[in-house]
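Q: Please take me through a close look at a single part of this model. I would like the wider setting before the detail.
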Amino acid sequence: MYSHCLFCQTTFGQNLELERLPVGRRIAFDATKGRLWVVCRACARWNLTPFEERWETIEDCERRFRGTQVRVSTDNIGLARLPEGLDLVRIGKPLRPEFAAWRYGETFLRRHSQRVIRRAARVVGAPGLVAAGPVLAATVGPVAPLALAAGALGAIYYLLRRPDLRIQLGGSRDLELSAEQIRGALLIRDDTDPNGWAIMVQHLKRLDRFDWLRFGREYDPNWAVLYGQEARLAASLLLPKVNPLGGDQARVAEAVRWLEAAGGPEAAFRTFSRSHLVRMPLDNVESRFTTLHAEVRLALEMALHEEEERRALAGELSVLEWVWRHEESLADLADGLGLPADLDQQLESLRGQSGGG
Ligand SMILES: [Zn+2]
């Protein structure tokens, strides 16, 4: 295989993923017609590879494409990005999207173990503080326990009312939520919005200069309803907070099933905001994230990851489809597989004439 683009002479660069085709950072393949191209990143032209070098690499590409979970496709063409950064462009009918448990298993497991450690620290810490009171009273007199009690109250205030999450919507629109408000965040159905869902949160009132005197921050909560991109941003910040346990492999697998049942990552928020089956029976009327089944919350978190990465790829796809049509007609000629229709007719008629003569 050549190492330079046939059209602009730019070097393809290397890839470590494809054993038989170690050049190029974007590879296009068509398993049905047995075609393989190296796409030039400089001029975007597709370089058709020689016949004899295609087959094993096409198989390799197909296998890797199927193994990749983040991919986008039209009816004719699909695009996937391998974890190492190699892009695969697959010509042919789209594959049914599936979601891999392994991609998330590790993230959620890591969170799970961190949470267990933090909780253990808290369990040891709180009784320790309570036990310290009498001990201090006996040793240094009554002032110290009073100070301790005041400190404990402050600590409770700090835990319950301090901003635990900041949703940055830009300047004065930034929202700050306490831990309690995070637990109260709602996923609501909204048919007036094109996405069909929204997020509704109570948030701490922003303090202006004189609010310090009123100490009023926690007594005056505001409500905000977020849509579209802002709702996604809020969800991406809220969900890790309300998915405290992360998940072991079994829970992640269950979340994947929920996601598939919802109709995939794009539909997950819309579907779950409408379903009564995603909560425990007694929680049916509540729209809170926290009353969703834990696996459903994980599924929503997965949906956000998938969607974000798909969006990044989707922009390129429409252009790729257009380029592919052009390159395919060139490949037809190069491979001598499909001659133009009128040429076929001409040959046919020539044969008829010669046969008749
Ligand atoms: Zn080029």
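This is a predicted model: local features need pLDDT of at least 70, side-chain atom pairs count only at pLDDT 80 or more; totals for chains, interfaces and linings use all residues.

A: Residues are numbered from 1 along each chain as its sequence is written, and side-chain values use heavy atoms, with hydrogens and water left out.

The protein chain exposes about 20,000 Å², of which carbon and sulfur atoms supply 59%; accessible areas come from the Shrake-Rupley method with a 1.4 Å probe, and for residues only the protein chains shown count as cover. Of its 357 residues, 39% count as buried, that is, under 20% relative accessible area, with exposed over 50% and partly exposed in between.

The zinc ion has as protein donors (N, O and S atoms within 2.8 Å of the metal; water is not among the atoms, so sites may look incomplete) the SG atoms of Cys 5, Cys 8, Cys 40 and Cys 43, lying 2.2 to 2.3 Å from the ion. These four donor atoms subtend angles of 105 to 111°, which makes the arrangement tetrahedral, a term requiring that all angles lie between 85 and 135 degrees.

Along the chain the donors follow the spacing C-x2-C-x31-C-x2-C. Cys 8 lies in the segment before strand 1 (26–30) and Cys 40 in the loop between strand 2 (35–39) and strand 3 (46–48), so the pair ties together parts that are 32 residues apart in sequence; strands are DSSP runs of E with at least two residues, numbered from the N terminus. Cys 8 counts as partly exposed, at 30% relative accessibility, whereas Cys 40 is buried, with a relative accessible area of 3%.

Conventions. Buried means under 20% relative accessible area, exposed over 50%, partly exposed in between (1.4 Å probe, protein chains only). Donors are N, O and S atoms within 2.8 Å of the metal (3.2 Å for Na, K and Ca); water is not among the atoms, so sites may look incomplete. Four donors count as tetrahedral if all angles lie between 85 and 135 degrees; four count as square planar and six as octahedral if opposite donors are over 155 degrees apart and all others between 65 and 115; anything else is irregular. Helices (H or I, at least four residues) and strands (E, at least two) are DSSP runs, numbered from the N terminus.
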